Structure formats: structure tokens, C-alpha cells
Amino acid sequence: MNCNQVQKNIIGYIDHSIPEVLSADIEKHIGSCQSCALLYKNISATYNSYGKVSEIEVNPFFYTRLEQKLKNKMSPETVVEPKLSWRLQPVISGVLIVCGISLGIFLGKNLSVKTIAQNKVNRTELVNTYASEFYLTGTSEESLNTFYTNE
Amino acid sequence: MRTTDAELIQRLINSDGSAFRELVELYQSLVFRTCYNLIRHSEDAEDIAQDVFIEVFESVHQFRNESKLSTWLYRIAINKSLNHIRKNKWKTMVRSLEQFFGGDKTNNLDVEDKNSHNSPETIDYRERSQVLQNAVNSLPENQRIAFTLNKFDELSYQEIAEVMELSLSSVESLIHRAKLNLQKKLINYYKN
């Protein structure tokens, strides 16, 4: 018996579903091999770690709750409403998303148009200011001519 | 004297008011534990067990006395539990993580002594139980059902064959392969 053979039969050894001779060989090997003993200890503890089903108690109000659930299912009003709202939920979410996107686009467009218009006004004012500073507007040109003529 | 299953079914078909309650009281434990063993969550298992009885109530006219009432209940319970698992894969995954880190109180520890929740033994048990649950969950569906019915519901191979509508040899083979797969997964887990 070697470590590989032990590993191949370890679950069978744990739940006693292998022949007794093989089981005795595995037991002997585990007694002398530390790594197989550790592996056996871990796998055995894990394999038997589920709680025993017989220990699980059913809720004492099981029947009362079941009766209520059955009544709810039988009455048409309570059945239709949640299903309808459940079905409408994605539609409502979709509509809200579309509305949000449209509002975003609308606001974005309006703002950008206003900004461009505002920018144009600002630029014109700026140019005029510079122009007047350097005597390039009509009024200033006149004063420039007058200045040269006078000279 | 205990009513036979055939009589109980007949009374249900005849809309006998007390028959349904009698049926539930007789089989609630069997149905709940079958669901619990596949799902490993008390509240969900209770919900599904209730759905099983609702289905029985609604389709009792279709029941032909060819199989035992318990076999029929097992079949419905297994189908409903598997549907629940398929529908809630993500939920189950998140819950597994919660259980692993000790956040969910409705895990399989509810079969243990509640006073020992934080002892090292309990933490060790919780981890091992989670490792086994993950390994069982990763088995192919038929192997998982056969293995669970055998190991946790303690059904004989013959009973499993009736519930799963398979031959006895197929059940033997399924359980054998399930154990080999589990062995492989557990060895890989503990060797790495």
C-alpha cells in the first residue's frame, strides 16, 4: 500500500464502502505515514461536517404560513398586483433612463448654444475695446486722421 | 389509526378540509429536509417546502397511485429546489461567501448548539462544512441529487432509483462517481 492507493480509496475508507482487507491495509498505512494521516483527518472531518438532517427542526408556524400563502395565491387581487408591478418595473426604469438622457441632451445643447452666443458677444466687445484702444474703430480713425492732418 | 396515503389523497380530491392539514403535518419534515439538504438555507428551504405543498394541493387530481406519495413529494421537492438553485446562482454564491466569513446566521450551523458559535471548533466546522458544500455544489446535477438523497436524506439506493426514475445500477454508478469526484476535489483542496 502506498500514498496514491490511500488517496484513491480514502472516501470509501471513511464511509466503510470498501472491502475489509483494503480497509485494513489503509489503516496500517495511515498509522505509519504522517502526511496520509493528516490528509485522512482533514477529509474525514470535512466529509462528515454536514449537520445531521434529523436534528433540523421544522418551523412550528409552518402550516400557518403555508395556509396564508395558499390563501394569497387563491385570491386574484393579491396575485395580479405584484406581478404587474414586477413586470412594469423594467419599463418604468427604461422610460426614466430615456427621459434622463433626453433632458441631458436638451440641456447640453441649449447651454452650448448660449455659451457660443455669449462667447461671440464677448469676442466682439473685446475686439472693439482693443480696436478703440489702438484707434481702429471709425471714431478713433477720424481722430487719427485729424491728428495727422493737423500735423 | 393512521390514514393511508391513498385515503388521504382521496380525501384531498374530495376537498376534505382537514386532509390538507393532515398531509402537511405528516410530510412537512420530509419535504423541508429534502429542500434544506439541497439548498442549505433554512428560510429558502421553508419557502420551497411551502411551494411543494401548494403544488400538491393544486395538482392532487393528477396523482395516480402508481408511486408512493412520499416519492411524489421527493420529486416535487427536488425539482423546486433545483429550480431555485438555478435561478439564484449569484445569490447562492454571495451567501456562500457570507457563510464562509461567518456573516449569515441562517447557514448550516442552525443544526448545532447555538451557544458554541464562536468557539474554534465551530469556526473549524463552519469552514469544513463550506468546503464540502462547495464540493457538492460543483458536482453534476444528477450526481448531486443522488449523493444528497443517499448521504443526507439517508434514502436507500432503491428509494433513490424510484425518486429519480432511474435503474438501480444507474443510481449506484451516480453515487460512486459522485464520491470519486468529491474525493478528488477534497484531496486537491487539502494538498494545495
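1. In what order do the elements of chain B run from the N terminus on? The run is α-α-α-α-α-α-α-α-α. Chain B therefore has nine helices and zero strands. Note that this is a predicted model.

2. Some totals for chain B. The chain has 192 residues, and 49% of them are buried. Contacts between residues at least 6 apart in sequence are the next item. Of these, 61% join residues at least 24 apart.

3. Next, helix packing inside chain B. Helix α2 (residues 17-39) and helix α3 (residues 42-59) of chain B pack with their axes 8 Å apart, at an angle of about 135 degrees. α2(B) and α3(B) are therefore oblique to each other. Angles over 145 degrees would count as roughly antiparallel. The crossing of α2(B) and α3(B) is right-handed.

4. Which residues make that contact? From α2(B) come B:Phe20, B:Leu23, B:Val24, B:Tyr27, B:Gln28, B:Val31, B:Phe32, B:Cys35, B:Tyr36 and B:Ile39. From α3(B) come B:Ser42, B:Asp44, B:Ala45, B:Glu46, B:Ile48, B:Ala49, B:Val52, B:Phe53, B:Val56 and B:Phe57. By class, the contact of α2(B) with α3(B) has 16 nonpolar, two polar and two charged residues. An α-helix has 3.6 residues a turn, so residues three or four places apart point the same way.

5. α3(B) also packs across the chain boundary. Its partner is helix α5 (residues 62-74) of chain A, at an angle of about 55 degrees and with the axes 10 Å apart. That angle makes α5(A) oblique to α3(B). The crossing of α5(A) and α3(B) is right-handed.

6. Now the residues of that second contact. α5(A) brings A:Phe62, A:Arg65, A:Leu66, A:Lys69, A:Leu70, A:Lys73 and A:Met74. α3(B) brings B:Glu46, B:Asp47, B:Ala49, B:Gln50, B:Asp51, B:Phe53, B:Ile54, B:Phe57 and B:Glu58. By class, the contact of α5(A) with α3(B) has eight nonpolar, one polar and seven charged residues.

7. Are the two partners buried or exposed? A:Tyr47 is buried, with a relative accessible area of 2%. B:Phe147 is buried too, at 0%. For contrast, take another ring pair. The rings of B:Tyr189 and B:Tyr190 have their centres 5.0 Å apart and their planes at 85 degrees, so this pair is edge-to-face. B:Tyr189 has 43% relative accessibility and counts as partly exposed.

8. Ring pairs also link A:Tyr47, B:Phe147 and B:Phe152 into a cluster.

9. Last, the helix that carries B:Phe147. Eight of the 11 residues of α7(B) are buried, so this helix is largely enclosed by the rest of the structure. The buried residues are B:Gln143, B:Arg144, B:Ile145, B:Ala146, B:Phe147, B:Thr148, B:Leu149 and B:Asn150.

Key: Residues are numbered from 1 along each chain as its sequence is written. Chains are lettered from A and ligands numbered from 1 in the order in which they are written. This is a predicted model: local features need pLDDT of at least 70, side-chain atom pairs count only at pLDDT 80 or more; totals for chains, interfaces and linings use all residues. Side-chain values use heavy atoms; hydrogens and water are left out. Axes are lines fitted to C-alpha atoms, for helices over the stretch in contact, and angles run from 0 to 180 degrees between N-to-C directions. Helices (H or I, at least four residues) and strands (E, at least two) are DSSP runs, numbered from the N terminus. Angles under 35 degrees count as roughly parallel, over 145 as roughly antiparallel, 65 to 115 as roughly perpendicular and the rest as oblique. A crossing is left-handed if the near helix is turned anticlockwise from the far one by less than a right angle, and right-handed if clockwise. Contact means heavy atoms within 4.5 Å. Ala, Val, Leu, Ile, Met, Phe, Trp, Tyr, Cys and Pro count as nonpolar, Asp, Glu, Lys and Arg as charged, and the others, Gly among them, as polar. Buried means under 20% relative accessible area, exposed over 50%, partly exposed in between (1.4 Å probe, protein chains only). Rings of Phe, Tyr and Trp (its six-membered ring) pair if their centres lie within 6.5 Å; planes under 30 degrees apart count as stacked, over 60 as edge-to-face and the rest as tilted.
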